[in-house]
Amino acid sequence: MSQPLSHYRNILSIVGGIVRVRVPQGDENRASPARFRDLASLRKADGETVLAQVIRIDDDVVSLQVFGGTAGLTTQASIRFLGHPMRVICSQNVLGRAFNSLGEPMDRGPALGEDRRVDIGGPSVNPMRRVMPSRMIRTDVPMIDVFNTLVESQKIPIFSVAGEPYNALLARIAIHADADVVVFGGMGLIFDDYHYFRQRFLDAGVFAHTVMFANLASDSVVERLLVPDMALAVAERFAVEEGKRVLVLLTDMTAFADALKEVGISMERVPSNRGHMGDLYSQLARRYEKACDFHGAGSVTVLTVTTMPGDDITHPVPDNTGYITEGQFYLRDGRIDPFGSLSRLKQHVIGKSTREDHGALMNTMIRLYAGARDAQQKRAMAFELSRFDEKLLRFGELFETRFMDVSVSLPLERALDLAWKTLAECFEPQELLMRQQLIDKFFPGKQQQPGEETPADSMA
């Protein structure tokens with residue numbers, strides 16, 4: 001039921017981006033105009049208006065989180081409660097467009113004022129309406145497709161540190177992923193990073209089915225909290241109403257968590273761990289749990305970047321994230337680490353919607369690379385190496401060059417073929433300890449030596 005848009009001027013305090021205002025309690029015939037998560041409009045003395053969101057209600061004192069900052073705002077400002085939560089434009093016209101952290105177009109394209117808007121920040125899907133994940137999302141990144149397959153409706157982060165090429169990896173996944181719609185949400189991006197993503201999407205010809213939401217480093221910190229909710233609300237509408245397979249890419253969730261921390265400190269809440277509030281887990285889970293394969297409709301898959309301050313996996317953000325998500329990808333030294341990375345849903349697709357040799361080949365490659373790492377340590381400590389150790393070392397070098405580097409791009413089938421080729425260059429068939437049936441079917445008939453010219457060399 002809509003509420004009359006009355007003006008309120010009883011502002012009690014302005015701290016950081018938080019405004020506290022006294023709102024008279026409604027009587028039994030009239031509800032209070034302030035509701036949790038609803039929007040309010042604040043009118044400054046010079047006539048400028050800014051948006052805010054209700055984030056706490058204590059009896060007749062309402063706390064508002066102001067978007068765009070409180071510069072120029074005084075206790076003489078007037079407040080109107082709009083009676084609805086934050087909304088985002090959601091129609092076919094958002095494809096190929098870029099929006100700021102308030103959902104307004106930032107690409108100088110045509111206005112979308114008449115297009116449909118939907119509420120953001122709603123609840124996640126009823127588990128009874130979810131479908132068991134069974135389809136793979138191809139990314140053409142061998143360390144993902146072959147070794148830790150990304151599954152439709154999965155929620156999974158990329159754990160990294162500042163300076164790693166996670167933006168390049170995320171852009172590559174957006175370009176090569178076999179999704180109907182890609183929704184990108186950037187939080188705290190410098191303008192160069194925003195321009196990099198946009199230009200990569202344009203150059204690759206995928207911008208027509210991509211939607212971008214960007215909170216730049218120069219924008220208000222509190223606006224950063226809206227980006228995941230807007231991206232996920234748009235993704236849900238495309239998945240539920242149009243049956244699309246939607247891939248949501250978010251970077252960086254640590255910037256999102258830092259914004260939560262800043263708001264909590266402004267509200268004088270007691271921090272729980274390293275300055276983060278006690279509800280950090282719930283706040284992250286509310287976003288990640290939007291990933292879903294909808295019964296009778298499409299799906300939403302969520303892939304994020306989570307930077308780890310000081311490469312500390314025990315930091316509250318990656319630590320809480322690990323309890324929510326279904327695995328993780330570790331990006332270190334420009335490579336996806338095969339040992340720290342894990343996809344807990346890959347067993348639903350490997351060997352079922354992929355080639356029969358996929359599972360055995362994946363396990364054999366990782367086992368032999370682990371042996372190569374051990375051989376590297378033996379060589380570093382000047383131990384005597386066996387002939388098999390020498391083979392492992394040669395295999396380790398080829399594995400890192402052909403598969404681990406994030407710049408390598410190969411379709412799954414070609415990556416599997418290259419894996420067999422790499423094994424044949426380094427080992428005898430009986431040294432692989434694999435089922436003979438698979439060796440007879442897939443092992444190359446002639447072992448190639450590294451550097452030898454073959455028609456398959458282009459796959460390297």
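**Figure 1. The loop between α5 and α6 in the predicted model.** In this predicted model, Glu268 is located in the loop that lies between helix α5 and helix α6 (280-288). Glu268 is not a glycine, yet its phi is positive, at about 60°.

**Figure 2. The packing of α5 against α6.** On the α5 side, the contact is made by Met253, Phe256, Ala257 and Leu260, which meet Leu280, Gln283, Leu284, Arg287 and Tyr288 of α6. Sorted by class, this contact of α5 with α6 comprises seven nonpolar residues, one polar residue and one charged residue.

**Figure 3. The packing of α2 against α3.** Helix α2 covers residues 166-176 and helix α3 covers residues 191-204; their axes are 10 Å apart and the packing angle is about 30°. Because angles under 35 degrees count as roughly parallel, α2 and α3 are described as roughly parallel to each other. The crossing in which α2 passes α3 is right-handed. From α2, the residues in contact are Asn167, Ala168, Leu170, Ala171, Arg172, Ala174 and Ile175, while α3 supplies Asp193, Tyr196, Phe197, Arg200, Phe201 and Ala204. Which classes of residue form the contact of α2 with α3? There are nine nonpolar residues, one polar residue and three charged residues.

**Figure 4. The packing of α8 against α10.** Helix α8 (residues 358-380) packs with helix α10 (residues 412-426) at an angle of about 50°, and the two axes are 11 Å apart. The pair is therefore oblique. The crossing of α8 and α10 is left-handed. In α8, His358, Leu361, Met365 and Leu368 meet Leu412, Leu416, Ala419, Trp420 and Leu423 of α10. The residues of this contact divide into eight nonpolar, one polar and no charged.

**Figure 5. The open sheet of seven strands.** The strands of this open sheet follow the order β1-β7-β4-β5-β6-β3-β2, and their pairing is antiparallel. Which strands stand at the edges? They are β1 (7-8) and β2 (11-15); each has a single partner strand, so one side of each is left without a neighbour in the sheet. In general, strands of a sheet pair through backbone hydrogen bonds, in either a parallel or an antiparallel manner.

**Figure 6. Strand β3 and its two partners.** Strand β3 (residues 18-22) pairs with β2 in the antiparallel sense, over four bridges. Within this pairing, Ser13 has Arg20 of β3 as its bridge partner. The hairpin of β2 and β3 has two residues between its strands, and Gly16 in this hairpin takes a positive phi near 60°. Strand β3 is also joined to strand β6 (residues 61-66), by five bridges, and these two strands run antiparallel. Here Ile18 stands opposite Gln65 of β6.

Figure 7. An unreviewed UniProt entry places the domain "ATPase F1/V1/A1 complex alpha/beta subunit N-terminal" at residues 42-83. Over residues 42-83, the chain is 0% helix and 57% strand, and the C-alpha atoms at the two ends are 14 Å apart. For residues 142-332, UniProt gives the domain "ATPase F1/V1/A1 complex alpha/beta subunit nucleotide-binding", also from an unreviewed entry. Residues 142-332 are 41% helix and 24% strand, with 16 Å between the end C-alpha atoms. Residues 351-442 are listed by UniProt, in an unreviewed entry, as the domain "ATP synthase A/B type C-terminal". The chain over residues 351-442 is 68% helix and 0% strand, and its end C-alpha atoms are 15 Å apart.

Conventions: Residues are numbered from 1 along each chain as its sequence is written. This is a predicted model: local features need pLDDT of at least 70, side-chain atom pairs count only at pLDDT 80 or more; totals for chains, interfaces and linings use all residues. Side-chain values use heavy atoms; hydrogens and water are left out. UniProt positions are given in the numbering used here, feature names are shortened, and annotations may be inferred rather than shown by experiment. Axes are lines fitted to C-alpha atoms, for helices over the stretch in contact, and angles run from 0 to 180 degrees between N-to-C directions. Angles under 35 degrees count as roughly parallel, over 145 as roughly antiparallel, 65 to 115 as roughly perpendicular and the rest as oblique. A crossing is left-handed if the near helix is turned anticlockwise from the far one by less than a right angle, and right-handed if clockwise. Contact means heavy atoms within 4.5 Å. Ala, Val, Leu, Ile, Met, Phe, Trp, Tyr, Cys and Pro count as nonpolar, Asp, Glu, Lys and Arg as charged, and the others, Gly among them, as polar. Two strands pair if DSSP finds at least two bridges between them.
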